[in-house]
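Hi,

Have a look at it first, then read on whenever you have a moment.

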Amino acid sequence: MIATHLRALRLVTGETLLLLKRDRVFLPALFFGIAVVLIANLASDWSVEEFGKILFDVGAFGFQLVGSAVAIFWGVKSVADSRQQGALEVQLAAPIGRAPWLVGKFLGLSLALSALFALLLAVWQVFMYLNEFGLMTPDQLTAFGLMLLGWLVLAATATMFASFCGQAIAMFATLSAWIVGLASALVAATLSKESPDGLKLAVRGVARLWDLQQFLVVDRAVSGQFPGGMELGVRASYGAVMILILITVACIVFSRRDAGSD
Amino acid sequence: MSDALVLQSLRKVYKGDLLKKPQVALDGLSCRFPTGKVTGLLGHNGAGKTTAIRLVLGLVRPDQGLVEAFGAPLGIEARRLLGYMPEVNKLPAALTPAEILTRHLALFRPKGIESSAQRQAAVERSLAAVGLAGHAKKRIGHLSKGMARRLAWAQAVVHRPELLILDEPASGLDPAGRREMLRWIDEEKARGTSIVLCTHELSQVKQLCDELHILKQGRLVLSSLPVEGGTTGVAHLARATRHVVHVSGAEEAALTKVLIDAAGELSPWSGLAKDGFLSILSFASHAQAMAWITALTRRGFLVVRFADETFASDEELLPYFTVGGPV
């Protein structure tokens, strides 16, 4: 039985990766990534601020934007397409459990995002090199790696919503979760003393549970205030636990619901 | 011989929400599908056929009841025995036919097709059998509807299932494609595969089915098989064997003239109907039908099929397809 599940997991992962590789989002995302790097280059040239800081800030922002958008789009699409176009019906009629199917989808999605990440990182490294910054430091590479983890958390969120919602609702819900995740810690930190206690408790609770700023440390890698090993470990563990929780919830809900086209 | 598939007291209610009321899709459905036979599952739109099929495939959870295949509850492992062809083509458009079948075989791992070389050979054989040998590496999204149906058939049977579930298999096919599809189903039946045929087309039912179940509003209302004790409200469908000859492409007037001319030397036919390019002649006995086949062939008509059909006329069955008809 375990062998059956593992085989199914491997096949679904491979198929998802292949489908995403053939998806038309891949190339536009890459072109957009290159465009952002070029814009970062221009912005650094024009800015009165330190050249390297602006280059990293704008570049990291573009990197984060492209990766998060693709993670949300692919995460929703890879599951919702199967549900709405009906391929899921044929696939689940085969000897394959619901949970291995969904986990396979997420793993395929993670591999596709990692491939996109590697491509964008390679483009970024070339620009860094052309601007005489040399090779990226281990801190900078780690910071970008943490950003990839953030993309995977978003991909898991999208997968979870798509496992029980239609495409449009799943997209909207994941986008909302992304915005909340980016803003929660900032809002919690800027609440005034006069804010009602209940509101403070709620906002701080959300910020503690759902904080996507945890994965954005590229600026600190440039400014020399890079977090230590312990803090990095906590951030990475937070990402891994979030992925685990989101995919587990998705598997439980998906296994209990009727499958098929909406 | 045990049954290939048994549905026991299946009940399924689709839960409503603020805008939709709960809907009873199946209301205590019990029926069986004998091994090695083609059993038709019929009913009006919304009768519960698709829900019944989805329950068998594990796509939908029953609120009550049990599905058994070959004497055991139908779990994930038992799905290896199943082949499924949905009504609408549901294959990922970005993959190729060869990729779809290869992955399908890797998932089912039928005996004798375990290595990748065996899988590749089986895929090539399967694609050649459905006339897609030259399209193995074409994206499914670029295939015509008819080609996609052929591929769906190939996917349903490539792993040699023991129980084949077909949902409107000939839907969307041209007349030649339909005929080919019916031939493939005949071949699977000859191989001993148990087949559940879900269709609206009575002509297909009469040509192919050995047994018949008709659903209405989520319940079994007519069956050619004896029903379990305690099940009420199910009428028994008596068999009325007739022997049919299908003549392809014949002008109706020319065929009628020949029939009238030959009627002096041969016993008369008992029915003549048209179905697209086909003229369907029915006879009271097997021997009469054989004599007419000889006579028609000698006169240059193309006889494409001969079968002994076992079910009632359209007029007897049609009332079961209307919501207000007999229950």
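**Chain A: the overall picture**

Chain A has 10 helices and 0 strands in its secondary structure. Do keep in mind as you read that this is a predicted model. Read from the N terminus, the order of elements in chain A is α-α-α-α-α-α-α-α-α-α. Its radius of gyration is 20 Å, close to the 18 Å that the globule rule gives for 262 residues, so chain A is as compact as a globular protein of that length.

Of its 262 residues, 43% count as buried. Among the contacts between residues at least 6 apart in sequence, 82% join residues at least 24 apart.

**A helix pair in chain A**

Two packed helices are described by the angle between their axes and the distance between the axes. In chain A, helix H7 (residues 167-189) and helix H8 (residues 197-209) pack at an angle of about 130°, and their axes are 8 Å apart. An angle of that value makes H7(A) oblique to H8(A). The crossing in which H7(A) passes H8(A) is left-handed. On the H7(A) side, the contact is made by Val180(A), Ser184(A), Ala185(A), Val187(A) and Ala188(A), while H8(A) brings Val203(A), Arg204(A), Val206(A) and Ala207(A). By type, the residues of this contact between H7(A) and H8(A) are 7 nonpolar, 1 polar and 1 charged.

**Where the two chains meet**

The contact between the chains takes 21 residues from chain A and 22 residues from chain B. On chain B, at least two residues each come from helix H1 (49-57), strand S6 (82-85) and helix H2 (97-108). Which of the elements gives the most to the side of chain B that touches chain A? That is H2(B), with 4 residues.

Pro97(B), Ile100(B), Leu101(B) and His104(B) of H2(B) make the contact with Leu151(B), Ala154(B) and Gln155(B) of H4(B). The residues of the contact between H2(B) and H4(B) comprise 5 nonpolar, 2 polar and no charged.

**Two backbone angles to look at**

Most residues other than glycine have a negative phi. Against that background, here are two residues of chain B for you to inspect.

- Arg160(B) is not a glycine, yet its phi is positive, near 55°. Arg160(B) sits in the loop between H4 and strand S7 (163-167) of chain B. It counts as partly exposed because it has 17 C-beta neighbours inside 10 Å.
- Gln217(B), also not a glycine, has a positive phi of about 45°. The loop that holds Gln217(B) runs between strand S9 (211-216) and strand S10 (219-223) of chain B. With 16 other C-beta atoms within 10 Å, Gln217(B) is partly exposed.

Happy to talk any of this through.

Best wishes

Terms used: Residues numbered from 1 in each chain as written. Chains lettered and ligands numbered in written order. Predicted model: local features only at pLDDT ≥ 70, side-chain atom pairs only at ≥ 80, totals over all residues. Axes fitted to C-alpha atoms, helices over the stretch in contact; angles between N-to-C directions. Parallel < 35°, antiparallel > 145°, perpendicular 65-115°, else oblique. Left-handed = near helix turned anticlockwise from the far one by under 90°. Contact = placed C-beta atoms within 7 Å. Nonpolar A, V, L, I, M, F, W, Y, C, P; charged D, E, K, R; others polar. Rg over C-alpha atoms; globule rule 2.2 N^0.38 Å. Buried ≥ 20, exposed ≤ 12 C-beta atoms within 10 Å, placed from the backbone.
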